[in-house]
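This briefing goes through selected local features of the structure shown below, grouped by topic. Please keep the coordinates open while reading, as each point refers to specific places in the chain.

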Amino acid sequence: VSAAPNTFAGATLDRAAQHRTDERWVAERLADPAARAVVVGEEGPWVREQEGEIMPALTPVAATDGVVFLGLDDAGPLFAAPEPAPPDARAISLREAGARLRTPDAGLVAYAAGILNWHRSHPHCSRCGTKTRIAEAGFLRVCPSCGAEHHPRTDPVVIMLVADGDRVLLGRGPTWGERNYSALAGFVEPGESLEEAVARELREEAGVEIAVATYSSSQPWPFPSSLMLGFHASYAGGEPHVRDRELEDVRWFTRDEVAAAFRGEEGPLHIPPPIAIARRLIEEWLDER
Ligand SMILES: [Zn+2]
């Protein structure tokens with residue numbers, strides 16, 4: 001079990017999921033004067049700034065259309081809404097929200113953004129094409145034509161740091177910039193376990209075989225609906241080389257090079273930003289000794 005939640009995890013509200021199917025209960029929460037909405041538009045979450053600190057711009061729940069019940073906090077019911085823009089607020093990118101909001105608030109906007117992203121991109125039944133309607137307080141879309149039920153999706157992505165003693169394997173995507181290396185990652189495919197996905201991705205992207213993959217921690221990544229699953233893997237063989245277009249370079253970095261990058265020294269490596277689970281994996285490896 002990890003000590004601290006990764007960025008975009010750590011929301012502290014009670015999701016009260018057992019009440020989602022109770023339409024009357026949900027309607028009562030909507031009518032509650034203490035009900036508030038987290039507003040996340042297409043450009044990102046709306047925030048207010050106070051003395052240099054930003055926080056989600058919570059508003060009274062205005063419309064019921066497209067509103068999703070998120071749960072309960074100490075102040076009352078919380079909903080997610082795609083609009084309207086709250087007064088005295090501005091929209092920021094989810095990435096900036098992840099970097100600047102307090103952990104529980106970043107978790108809250110990731111939750112709201114994730115579920116609203118899903119509604120925005122799944123208006124129709126994937127089986128027959130009919131426009132679906134929202135049910136279960138926003139956690140289900142039902143097709144009125146064929147009866148199919150569609151659940152919010154989360155796409156699992158494995159991200160893994162391969163270590164071999166005092167060196168660690170990092171890759172760089174074509175658009176990332178010269179020295180921006182990170183842990184390798186890829187989507188889990190149907191009929192595949194997480195450990196199989198870890199081994200396959202490393203073989204496909206870097207030509208590397210591993211012995212053991214050990215789970216570390218996970219991170220919601222609402223761009224638009226991923227769940228990053230972090231692993232440490234031990235190297236077993238293969239000379240790292242780029243095998244497909246997903247990476248422009250993949251290579252070993254020494255412990256000294258990685259430690260220097262963490263100290264902010266100029267060198268061959270810029271480590272991933274604090275909001276990325278890759279940074280945590282690298283830190284865990286560095287701290288091992
Ligand atoms: Zn249908």
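**Hairpin and neighbouring strands**

In this predicted model, E11 and E12 form a hairpin with two residues between them, and Gly165 in the turn has a positive phi of about 65 degrees.

*Strands E11, E12 and E16*

- Strand E11, which covers residues 155-164, pairs with E12 in the antiparallel sense over three bridges, and within this pairing the bridge partner of Val162 is Leu169 in E12.
- E12 is also joined to strand E16 (residues 249-254) by six bridges, the two strands running antiparallel, and here Leu170 has Arg251 in E16 as its bridge partner.
- Strand E12 (residues 167-172) has five of its six residues buried, so it is largely enclosed by the rest of the structure.

*The sheet E8-E9-E10*

- Three strands make up an open sheet in the order E8-E9-E10, with antiparallel pairing, and its edge strands are E8 and E10, each of which pairs on one side only.
- Two bridges connect E9 and E10 in the antiparallel sense, and Val142 stands opposite Glu149 in E10.
- The loop between E8 and E9 contains Ala137, which has a positive phi of about 60 degrees although it is not a glycine.
- Ala137 has a relative accessible area of 14%, and because buried means under 20%, this residue counts as buried.

*The zinc site*

- The zinc ion has as its protein donors the SG atoms of Cys125, Cys128, Cys143 and Cys146, which lie 2.3 to 2.4 Å from the ion, and along the chain these donors follow the spacing C-x2-C-x14-C-x2-C.
- Cys125 lies in the loop between helix H3 (103-121) and strand E8 (133-135), while Cys143 lies in the loop between strand E9 (140-142) and strand E10 (149-150), so this pair ties together parts that are 18 residues apart in sequence.
- The arrangement around the zinc ion is tetrahedral because the four donor atoms subtend angles of 99 to 117 degrees, and four donors count as tetrahedral if all angles lie between 85 and 135 degrees.

*Packing of helices H5 and H6*

- Helix H5 (residues 255-262) packs against helix H6 (residues 277-287) at an angle of about 120 degrees, with the axes 11 Å apart, which makes H5 oblique to H6.
- The crossing of H5 and H6 is left-handed.

*Backbone details in loops*

- The peptide bond from Glu83 to Pro84 is cis, with omega near -5 degrees, and Pro84 belongs to the loop between strand E6 (76-81) and strand E7 (90-91).
- A cis peptide bond also joins Phe223 and Pro224, where omega is about 5 degrees, and Pro224 is placed in the loop between strand E14 (209-221) and strand E15 (226-237).
- Glu51, in the loop between strand E2 (44-50) and strand E3 (53-56), has a positive phi of about 50 degrees although it is not a glycine.
- Glu51 counts as exposed because its relative accessibility is 84%, whereas Ala137, with its positive phi of about 60 degrees, is buried.

Key: Residues are numbered from 1 along each chain as its sequence is written. This is a predicted model: local features need pLDDT of at least 70, side-chain atom pairs count only at pLDDT 80 or more; totals for chains, interfaces and linings use all residues. Side-chain values use heavy atoms; hydrogens and water are left out. Donors are N, O and S atoms within 2.8 Å of the metal (3.2 Å for Na, K and Ca); water is not among the atoms, so sites may look incomplete. Four donors count as tetrahedral if all angles lie between 85 and 135 degrees; four count as square planar and six as octahedral if opposite donors are over 155 degrees apart and all others between 65 and 115; anything else is irregular. Helices (H or I, at least four residues) and strands (E, at least two) are DSSP runs, numbered from the N terminus. Buried means under 20% relative accessible area, exposed over 50%, partly exposed in between (1.4 Å probe, protein chains only). Two strands pair if DSSP finds at least two bridges between them. Axes are lines fitted to C-alpha atoms, for helices over the stretch in contact, and angles run from 0 to 180 degrees between N-to-C directions. Angles under 35 degrees count as roughly parallel, over 145 as roughly antiparallel, 65 to 115 as roughly perpendicular and the rest as oblique. A crossing is left-handed if the near helix is turned anticlockwise from the far one by less than a right angle, and right-handed if clockwise.
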